[in-house]
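Please view the sequence and model below alongside the text.

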Amino acid sequence: MSKSPWWASTSIYQVYPRSYADSNADGIGDLPGIISKLDYIRDLGVETVWVSPFFASPQLDFGYDVTDYEDVAPEYGTLADAQRLIDECHSRGMRVMFDLVLNHTSDQHPWFQRSRSSRSNPKADWYIWADGRGKHGRKPPNNWKSAMEFTSAWQYSPVRKQWYMCSFLPFQPDLNWRNPEVKEAMFNSVRFWLDKGVDGFRLDIFGQIMKDPGLANNPVRPHFYNGFPRLTDRVHTENTPDNVTLAKELRAVVEEYPGDRVLLGEVFGGPQVLRSFLGDGDGLQLVFLFDFLTYRYDADWFRSTISEFERNFPAPQQPTYVLENHDRSRTIDRVGKDPAKAKVLAVILLTVRGVPTVYMGQELGMSNTALRFKDALDPVAATVYRRVPQAVADRMSERLNRDEMRTPMQWDASAHAGFCPDGVQPWLPVNPDYQRGVNVAAEHADPDSMLNLYRRLFALRREHESLRSGSLAMLEALPEGVLGYRRNDIFILANLGEQPATVRYTGEVLAQTGRVVLANGRTTLFPDSSVILRTVVPKMG
Ligand code: NOJ
Ligand code: CA
């Protein structure tokens with residue numbers, strides 16, 4: 001039997017480079033800053049570091065708008081720093097993944113500057129250009145919407161008298177992947193980083209790269225998807241079969257290299273659609289399952305969601321769970337900033353079968369930082385959502401200003417939480433709760449902290465093969481409010497309800513959160529508690 005590849009049982013820690021650690025006192029996190037914190041990441045116990053984009057970019061979308069895929073933005077460091085980051089992860093026994101933005105470039109990329117200059121230049125067909133409708137072609141070519149869903153995906157170019165497509169924001173034109181020259185150039189950039197030893201890539205909006213070449217209108221059907229409204233069904237712009245073909249072509253590129261380099265897709269859709277990106281083991285290896293981002297704190301919700309992903313991603317496939325990232329609300333804010341509930345969620349995330357991903361600061365219980373639209377640096381908040389009244393946005397559980405989740409990492413109780421030196425202005429304000437114990441130094445010293453829980457959970461994953469690769473079986477007939485599942489010899493029980501609950505399971509306690517009492521072969525879980533038990537035999541009667 002072949003040994004399963006490293007990525008099948010890894011855990012991932014997402015670093016947002018601008019906000020992790022500032023090494024040169026300009027208020028902006030950078031690659032040397034990340035390198036200086038790799039011992040912390042190793043000691044946390046995660047196995048793979050994913051670094052959000054640090055490539056050359058005007059930073060209008062903080063790196064998700066690239067002008068050179070083979071260079072590093074000067075504020076983040078140099079190519080030598082990127083190489084050192086890879087090597088220093090490896091020397092600590094960790095893997096490292098970078099972030100590939102394949103769908104679009106910055107409009108300041110030299111390719112686009114050229115492309116937009118005329119209809120006949122050598123790069124004319126490198127982006128998605130189309131004639132408009134109506135008299136003089138001044139209406140967009142079709143009804144395709146941008147990611148925000150309320151604006152057209154098309155931008156007009158008075159020079160070419162044509163429209164170019166932007167799936168995200170107007171300064172992020174979509175590359176034309178049907179042009180073989182584009183594909184070759186982009187695949188060569190992928191090889192550029194593979195040659196340097198990177199272990200894999202997170203793939204930005206991967207399901208949106210191949211659109212219908214016939215530009216058919218998307219059917220109009222207002223609905224909610226993943227917490228946000230949509231006007232249309234994006235059948236012609238998202239998750240088309242050609243995207244799955246592209247997944248296989250990209251897989252072939254990484255297969256040119258030894259070491260099971262991994263592709264992790266940011267893809268949106270139902271479980272079967274997500275699953276399709278894995279092909280028959282010849283597509284992406286992993287896709288994010290974003291349902292946990294909008295979890296309901298409810299045992300039934302977790303039971304049915306986990307069961308659904310178990311059905312759709314049976315071994316050797318791996319579900320990839322995520323509770324928070326740089327785009328969506330912090331976990332703890334969805335449960336009224338209650339650390340007891342956030343701890344239960346951490347236990348679930350790190351004990352279900354699959355690959356867990358943790359966003360920097362999640363391990364501290366960092367929360368959203370209340371910020372105002374008028375100060376927004378996030379281009380989505382600054383251009384699209386700024387029309388939403390602040391008072392309305394403040395009450396929403398979805399955060400419209402992504403700055404709120406991107407504030408600096410909280411290292412200690414010194415000025416700016418130790419992110420940058422005193423007297424330097426950090427690029428975003430630090431959440432003031434760093435002075436109330438939400439920081440690495442304070443939590444390191446507190447055995448009951450969120451940080452020490454995460455460390456314990458990562459350690460358990462490393463110690464117990466059952467948690468890394470064991471099967472998952474839901475426990476049935478549990479009291480209301482209790483979620484329970486079994487990973488071979490390890491049982492996980494969590495009370496998400498409002499009443500204490502007693503279950504007929506017992507064993508050696510590997511970890512617990514909240515109040516849990518074991519007595520007479522039974523375990524009582526008080527509200528918002530959880531426990532991980534080893535080798536338990538359910539008693540009959
Ligand atoms: C998804 C990324 O996570 C987000 O931060 C970015 O703004 C968009 N893709 C556009 O690249
Ligand atoms: Ca810096």
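## Terms and model

A polar contact is a pair of N or O atoms within 3.5 Å; within protein, one atom must be able to donate a hydrogen and the other to accept it, and residues adjacent in sequence count only if both atoms are side-chain atoms.

This is a predicted model, in which local features need pLDDT of at least 70 and side-chain atom pairs count only at pLDDT 80 or more, while totals for chains, interfaces and linings use all residues. Residues are numbered from 1 along each chain as its sequence is written, chains are lettered from A and ligands numbered from 1 in the order in which they are written, and side-chain values use heavy atoms, with hydrogens and water left out.

## Overall form

The chain holds 14 helices and 23 strands. These are DSSP runs, numbered from the N terminus: helices are H or I with at least four residues, strands are E with at least two. The radius of gyration, taken over C-alpha atoms, is 24 Å. The globule rule (2.2 Å times the number of residues to the power 0.38) gives 24 Å for 541 residues, so the chain is as compact as a globular protein of that length. The C-alpha trace spans about 80 × 50 × 50 Å along its principal axes.

## Domains

The chain divides into domain 1 (6–104 + 179–457), domain 2 (110–165) and domain 3 (472–534). The bounds come from an automatic or database domain assignment. The C-alpha centres of domain 1 and domain 3 lie 31 Å apart. Their contact (heavy atoms within 4.5 Å) takes 21 residues from domain 1 and 18 residues from domain 3.

## The interface of domain 1 and domain 3

About 1600 Å² is buried between domain 1 and domain 3, and carbon and sulfur atoms give 67% of that area. Buried area is the accessible area (1.4 Å probe) that two parts lose on being put together, summed over both.

Eight residue pairs are in polar contact across this interface, both residues at pLDDT 80 or more. On the side of domain 1 that touches domain 3, helix 8 (299–312), helix 9 (339–351) and helix 13 (450–463) each supply at least two residues. Helix 9 gives the largest share, seven residues. That side of domain 1 has 11 nonpolar, two polar and eight charged residues. Here Ala, Val, Leu, Ile, Met, Phe, Trp, Tyr, Cys and Pro count as nonpolar, Asp, Glu, Lys and Arg as charged, and the others, Gly among them, as polar.

## Salt bridges

A salt bridge is a side-chain nitrogen of Lys or Arg within 4 Å of a carboxyl oxygen of Asp or Glu. The whole structure has 37. Between domain 1 and domain 3 the count is one. K341 pairs with D528 in a salt bridge, with the closest N and O atoms 3.3 Å apart.
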